[in-house]
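Please look over the sequence and the model shown below before reading the briefing. The notes that follow are grouped by topic.

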Amino acid sequence: MLSASAASSVPAPDSLAQMLVQALTAQDNALLEEVLHYKKTVTVEKTLSRLPVSHVIPFILAVTEKIESKPSRGGELSIWLRQLFYHAQILPDVMSRSSQAAAASLQTHQHAA
């Protein structure tokens, strides 16, 4: 968990994106949770805009898995998926059946909650 001083200082988007890539590559749940702790739209948007395309599907799957295991987190994590899908509209080749399935899963969990 982040300390109060760490939570108040947001890392630069490049650093947060690098942490996200590292968390996804190493399947480091603690590091992923540290990244997902940030919820300001601007921070999330800038971080995801720096996420390499090769990490988009692993990110969607990781977030979807978190929502499936604890549906009450759907609202908390939805900002990350909304921003990702916004960027995916800009880069249509990023979208795949996996990302569409993840979006459908998120909507199902939001409606069930």
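By class, how many nonpolar, polar and charged residues does the lining of the largest pocket have? The lining has six nonpolar, two polar and three charged residues, where Ala, Val, Leu, Ile, Met, Phe, Trp, Tyr, Cys and Pro count as nonpolar, Asp, Glu, Lys and Arg as charged, and the others, Gly among them, as polar.

This is a predicted model, in which local features need pLDDT of at least 70 and side-chain atom pairs count only at pLDDT 80 or more, while totals for chains, interfaces and linings use all residues. Residues are numbered from 1 along each chain as its sequence is written, and side-chain values use heavy atoms, with hydrogens and water left out.

**Overall architecture**

- The protein chain has seven helices and zero strands, helices (H or I, at least four residues) and strands (E, at least two) being DSSP runs numbered from the N terminus.
- Read along the sequence, the pattern of the protein chain is α-α-α-α-α-α-α.
- Of the 113 residues of the protein chain, 38% count as buried, where buried means under 20% relative accessible area, exposed over 50%, and partly exposed in between (1.4 Å probe, protein chains only).

**The largest pocket**

- The volume of the largest pocket is about 260 Å³, a volume being the space filled by probe spheres set on grid points that are joined across faces, edges and corners.
- The lining consists of Ala23, Leu24, Gln27, Asp28, Asn29, Leu32, Pro58, Leu61, Ala62, Glu65 and Lys66.
- At least two lining residues come from each of α2 (13-26), α3 (29-36) and α5 (56-69), and the largest share, five residues, is supplied by α5.

- In α3, the residues Leu31, Leu32, Val35 and Leu36 are buried; seen down the axis of α3, its buried residues fall within an arc of 140°, so they line one face of the helix, the arc being that of the directions from the helix axis to the C-beta atoms.
- In α4, the buried residues include Thr43, Val44, Thr47 and Leu48, and because the buried residues of α4 fall within an arc of 120° when seen down its axis, they line one face of that helix.
- The N-terminal end of α3 is capped by Asp28, a side-chain oxygen of which lies 3.2 Å from the backbone nitrogen of Ala30.

**Salt bridges**

- Side chains of opposite charge can pair when their charged atoms come close.
- The count comes to five salt bridges, each defined as a side-chain nitrogen of Lys or Arg within 4 Å of a carboxyl oxygen of Asp or Glu.
- Asp14 and Arg50 meet through their side chains in a salt bridge (2.5 Å, N to O); Asp14 lies in helix α2 and Arg50 in the loop between α4 and α5, so the pair ties together parts that are 36 residues apart in sequence.
- Arg50 is partly exposed, with a relative accessible area of 38%.
- Lys66 forms a salt bridge with Glu33, with the closest N and O atoms 2.7 Å apart, and this pair links distant parts of the chain, Lys66 being in helix α5 and Glu33 in helix α3, 33 residues apart.
- Of these two partners, Lys66 is buried, with a relative accessible area of 10%, whereas Glu33 counts as partly exposed at 25% relative accessibility.
- Glu76 and Arg73 also form a salt bridge, their closest N and O atoms being 3.2 Å apart, and salt bridges that share partners join Glu33, Lys39, Lys66, Arg73 and Glu76 into one network.
- Within that pair, Glu76 counts as partly exposed at 32% relative accessibility, while Arg73 counts as buried at 13%.

**Loop residues**

- Most residues other than glycine have a negative phi, and most peptide bonds are trans.
- Gln27, although not a glycine, has a positive phi of about 50°; Gln27 is placed in the loop between α2 and α3 and is exposed, with a relative accessible area of 72%.
- Lys40, found in the loop between α3 and α4 (41-49), is exposed, with a relative accessible area of 62%.
- Lys40 and Ile79 are 39 residues apart in sequence and 8.6 Å apart in space, C-alpha to C-alpha.

Conventions: 1 Å grid on protein atoms, 1.4 Å probe; cavity = no way out; pocket = protein on both sides within 12 Å on 5 of 7 lines; lining within 4 Å. Polar contact = N/O pair within 3.5 Å; in protein donor to acceptor, adjacent residues only side chain to side chain.
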